[in-house]
Amino acid sequence: MHPSVHARANPDKAAIIVAETGEAISYGELDAASNRAAQLFRSHGLGHEDVVAFMLDNTPHYYGLTWGAQRAGLRYVCISSRLTQDETDYILENSGAKILVVSASLAAAAQQLTTGIKRFAMGGAIPGYESWEDAVAAMPATPVADERAGVDMLYSSGTTGRPKGVRVPLPEDPAIDAVNSLVMLASAVFQINSDSIYLSPAPLYHAAPLRWSMTIHRLGGTVVLMKKFDPEAALAHIETYRVNSSQWVPTHFVRMLKLPDDVRTRYDTSSLKVAIHAAAPCPVPVKQAMIDWWGPVLFEYYAGSEGNGMTFISSPDWLTHKGSVGRPILGTVHIMGEDNETELGPDEEGAVFFESENVFEYHGDNEKTASSRNSKGWSTLGDVGKVDEEGFLYLTDRKSFMIISGGVNIYPQEIENHLVTHPKVADVAVVGGPHDEMGEEVIAVIQPANMADATEELRDELIAYAREKLSGVKIPRRIDFLEALPRHDTGKLYKRLLRDQYWEKAKAEA
């Protein structure tokens, strides 16, 4: 399955609709755009396995680039528009990207980049960047001679704070229309097909929105793309476009549930048959409220960009196994002891490993790749959990103290490494604390060099200091002071002791 197949069979059908404006791109237009993009990549000497990078707002033209890269056998890196210049330059250099395409609306950030690669601006002008539209207009809308299936290479932060590129092999079957595991899953489990009208409310640089919406194109459905999430607007779009499938993160649910009752009941959401969610654990009361509202249409999965395994749970199963993320549908789940070698029994908590034929590596980081495996070749995303007698997985901890705020993964180490360089800071620990809307918030616990400096002025100073190097999602929402952080004589920081205090206090006050 591939959008080019649907372009030949039904060229006028809408492949993409912009939710806010109704602007539509047909399968025929998407096919032509992806061919021109592939031709342009070839004209600049890019061949199979080469890398291109995109830093774009949510635009329907995003897909012309990703499908163009896919049919040219390239690896395509989708970069968050919220990263700092340092972070973006690092990804461009680490990935080996040879071409960068940036939204003109991101001109201020684009002009700060220092990596010397070929650059194009989309949707307007950026000084020093060529026009993407002018460049592709000169390209033929026919397939390149050596079409071959490519794949994304998405970056997520590692425990060292540096983004890590998840590199998987190019598909063994080089055919661009070869069926992959996500297509089979979407079709068999979620009943997604050519009649699907899929609402995509999240940024396309995230793995799930990108991969799921491209899967809709493989199956011949229509993607209704939101430029930016708004809770009431999302409900209105479901009604307007008769959306029957969708993909969310728990923060979306929280924001929609916080709408006044008369607003929530104003819109007809009865067309919705599938509401997929992942990216972060969904609080039990939030998921229960969504099922009460939308009906048993919520489908949850647990997986990572690494693609090493996946669990799945339907609403009926969740109602009898509240808090579970389901049973495996890709790979086999094993719960391992502290040595990552001893397998534990039912309801015993340990590291979650997947036994799977799918392989991945962290690009340019052999040590991190090796640390994700055990001697059996099973791999882990670093999460902790347990499996019950029926085989349902429950996640009981986060990987390496990762903070998940609004569905975005935030790793504390990068924040700590920056804040500790401030002259008035002796030590720092960053943890995730409870937040009603975002799930978690970033909390920086600071040991000042002098406790006399533990003032509101220092808080303001540290926030400003953080903004100099860190992207917005990583800025602490709260800064607390301690005379000494809980460290072992070896230097190990007992971060869990700090984190648990915030969660236990919130639980006690609930």
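Begin this tour of the predicted model by selecting Ile 16 and Ile 25: Ile 16 stands opposite Ile 25, which lies in strand β2.

Nine strands form an open sheet with mixed pairing, in the order β2-β1-β12-β11-β13-β14-β15-β16-β17. Its edge strands, β2 (24-26) and β17 (327-330), each pair on one side only. From one strand to the next, the twist averages 25°.

Proceed to strand β11 (residues 197-200). Parallel to this strand runs β12 (residues 222-225), and four bridges join the two. Select Ile 197 to find its bridge partner in β12, Thr 222. Follow the chain from β11 through α8 to β12; this β-α-β crossover is right-handed. On β13 (residues 245-248), β11 has a further parallel partner, paired over two bridges. Here Tyr 198 stands opposite Ser 245 of β13.

Now turn to the side chains. The largest nonpolar core has 58 residues, and those with the most contacts inside it are Phe 41, Phe 54, Trp 132 and Trp 212. Helix α8 (residues 207-219) gives the most to this core, contributing seven residues.

Which residues are in contact with Trp 212, leaving aside its neighbours within four places in sequence? Select Leu 182, Leu 185, Ala 186, Phe 190, Ile 192, Tyr 198, Gln 247, Ile 276 and Tyr 301 to display these contacts of Trp 212.

Finally, select Ala 234, Leu 235, Leu 259 and Val 286, which are included in a second, separate core of 32 residues.

Technical notes
Residues numbered from 1 in each chain as written. Predicted model: local features only at pLDDT ≥ 70, side-chain atom pairs only at ≥ 80, totals over all residues. Heavy atoms only, no water. Core = buried A, V, L, I, M, F, W, Y, C linked by side-chain atoms within 4.5 Å. Buried < 20%, exposed > 50% of the residue type's maximum accessible area, 1.4 Å probe, protein only. Contact = heavy atoms within 4.5 Å. Pairing = 2+ DSSP bridges. Right-handed = clockwise from strand over helix to strand, strands pointing away. Axes fitted to C-alpha atoms, helices over the stretch in contact; angles between N-to-C directions.
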